[in-house]
Amino acid sequence: MEGIIIKGIGGFYYVKVKDQVIECKARGKFRKKGLSPIVGDKVDITLKNNKGSIEEIYERNNELIRPLVSNITQALVVFSLKNPDVNLDLLNKFLLQCELKKIKAIVCFNKTDLLEKYQDDKAVKMIKNAGYEYIFANAKKGIGLEKIKNKLKNNVTVFCGQSGVGKSTILNQLVGSEVMETGNISEKLKRGKHTTRHSQLVEINEGFVVDTPGFSTLEVKFESKEELQEYFPEFWEYENQCKFKGCMHYKEPECIIKKAVEENIIDSNRYKFYIKTLEEIIKGEKNKW
Ligand SMILES: Nc1nc2c(ncn2[C@@H]2O[C@H](COP(=O)(O)OP(=O)(O)O)[C@@H](O)[C@H]2O)c(=O)[nH]1
Ligand SMILES: [Mg+2]
Ligand SMILES: [Zn+2]
């Protein structure tokens with residue numbers, strides 16, 4: 001039987017097969033190969049005397065380290081338009097991570113209630129220009145949640161974003177129960193909840209959501225500086241149109257990307273982020289942000 005691991009605790013894996021969740025152990029052969037099953041894995045299991053065993057782990061499309069989860073198809077990158085304000089570099093770093101991991105990114109601009117002309121916000125303009133999907137939300141009032149819910153169908157979605165933007169509020173409303181803790185840290189400390197919990201997949205609208213936020217550490221390794229431009233979707237249509245073959249859109253003359261930035265066709269904040277990242281790669285500071 002084929003299924004997906006939704007939870008792992010103490011050597012047991014909980015595999016969702018159709019409408020059932022089956023407790024399984026992994027076969028010893030995986031340990032010998034240095035492979036251990038993780039949440040998100042697509043697996044083949046057998047059932048004997050009501051005991052499940054994982055017989056095969058299918059090749060992973062991708063893998064996140066923190067949280068440890070595989071086969072993510074999509075990230076909901078949550079930012080609040082105010083409290084905290086959008087940090088454009090951070091937003092771009094999340095998008096870059098998604099491109100690197102081959103995860104579709106959808107940006108959610110939350111707390112629309114805190115900003116009057118939120119459609120004109122520079123972050124919103126930047127995202128529109130770069131061609132990413134986006135959703136406006138006011139999680140407190142439940143606005144935008146239906147749209148988010150529709151996007152979850154047939155996907156494994158990880159929520160990303162800095163603390164305080166409303167990730168837990170959105171997720172808890174979608175699930176209809178308190179899956180994630182909301183509020184500030186001092187409240188959490190007061191309740192003394194310090195147990196480390198493994199992440200799990202929560203089913204919503206025929207899709208799965210990871211119950212802990214993704215990309216908590218923004219770390220990337222690039223093979224080469226040339227590779228960076230591949231992760232900026234708005235550059236793609238200009239491929240090979242610069243004067244110089246292999247143009248980095250940096251100091252080269254007659255660069256079509258730079259021209260597009262000057263003409264406001266490509267958002268200047270995205271280009272600035274591209275250059276900043278490129279310079280970090282060149283300087284060799286590429287591994288840490
Ligand atoms: N004004 C406003 N506050 C919100 C909204 N969504 C969440 N919040 C508040 O923002 C704070 C942080 O929310 P939380 O879900 O814990 O953020 P997380 O750290 O991203 O999980 C909480 O006090 C929420 O009540 C919203 O749409 N508007
Ligand atoms: Mg939270
Ligand atoms: Zn160029």
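Biologist: Is Cys-255 buried or exposed, and what is its relative accessible area?
Modeller: Happy to start there, keeping in mind that this is a predicted model. Cys-255 sits in the loop between S13 and H7. Buried means under 20% relative accessible area. Cys-255 falls under that cut-off, so it counts as buried, with a relative accessible area of 6%.

Biologist: Which residues does Cys-255 touch, not counting residues up to four places away in sequence?
Modeller: A contact here means heavy atoms within 4.5 Å. With residues up to four places away in sequence left out, Cys-255 touches Cys-242, Cys-247 and His-249.

Biologist: What spacing do the donors of the zinc ion (ligand 3) follow along the chain?
Modeller: The donors come from Cys-242, Cys-247, His-249 and Cys-255. Read along the chain, the spacing for the zinc ion (ligand 3) is C-x4-C-x1-H-x5-C.

Biologist: What arrangement do the four donor atoms make around the zinc ion (ligand 3)?
Modeller: For four tetrahedral donors, the ideal angle at a metal is 109.5 degrees. Four donors count as tetrahedral if all angles lie between 85 and 135 degrees. Around the zinc ion (ligand 3) the donor atoms subtend angles of 103 to 115 degrees, so the arrangement is tetrahedral.

Biologist: Where does His-249 lie, and is it buried or exposed?
Modeller: His-249 belongs to the loop between strand S13 (207–210) and helix H7 (256–262). Its relative accessible area is 5%, which is under 20%, so His-249 is buried.

Biologist: Which side chain makes a polar contact with the side chain of His-249, and at what distance?
Modeller: Leaving aside neighbours within four places in sequence, His-249 is in contact with several residues, including Gln-229, Phe-235, Tyr-271 and Tyr-274. A polar contact joins the side chain of His-249 to that of Gln-229, at 2.7 Å.

Biologist: How many aromatic pairs are there, and what kind of pair do Phe-109 and Phe-136 make?
Modeller: Rings pair if their centres lie within 6.5 Å, and the count comes to 11 aromatic pairs. Phe-109 and Phe-136 have ring centres 6.1 Å apart and planes at 35 degrees, so this pair is tilted.

Biologist: Which strands hold Phe-109 and Phe-136, and how many residues apart are they?
Modeller: This pair links distant parts of the chain. Phe-109 is buried at 0% relative accessible area, whereas Phe-136 is partly exposed at 22%. Phe-109 is in strand S9 (residues 104–110) and Phe-136 in strand S10 (residues 133–136), 27 residues apart.

Biologist: What kind of pair do the rings of Phe-235 and Tyr-274 make?
Modeller: Phe-235 is buried, with 4% relative accessibility, and Tyr-274 is buried at 0%. Planes over 60 degrees apart count as edge-to-face. The two ring centres are 5.2 Å apart and the planes are at 75 degrees, so the pair of Phe-235 and Tyr-274 is edge-to-face.

Biologist: Which residues do ring pairs link into a cluster?
Modeller: Phe-235 and Tyr-274 both belong to this cluster. Linked by ring pairs, its members are Phe-232, Phe-235, Tyr-271, Phe-273 and Tyr-274.

Technical notes:
Residues are numbered from 1 along each chain as its sequence is written. Chains are lettered from A and ligands numbered from 1 in the order in which they are written. This is a predicted model: local features need pLDDT of at least 70, side-chain atom pairs count only at pLDDT 80 or more; totals for chains, interfaces and linings use all residues. Side-chain values use heavy atoms; hydrogens and water are left out. Helices (H or I, at least four residues) and strands (E, at least two) are DSSP runs, numbered from the N terminus. Buried means under 20% relative accessible area, exposed over 50%, partly exposed in between (1.4 Å probe, protein chains only). A polar contact is a pair of N or O atoms within 3.5 Å; within protein, one must be able to donate a hydrogen and the other to accept it, and residues adjacent in sequence count only if both atoms are side-chain atoms. Donors are N, O and S atoms within 2.8 Å of the metal (3.2 Å for Na, K and Ca); water is not among the atoms, so sites may look incomplete. Four donors count as tetrahedral if all angles lie between 85 and 135 degrees; four count as square planar and six as octahedral if opposite donors are over 155 degrees apart and all others between 65 and 115; anything else is irregular. Rings of Phe, Tyr and Trp (its six-membered ring) pair if their centres lie within 6.5 Å; planes under 30 degrees apart count as stacked, over 60 as edge-to-face and the rest as tilted.
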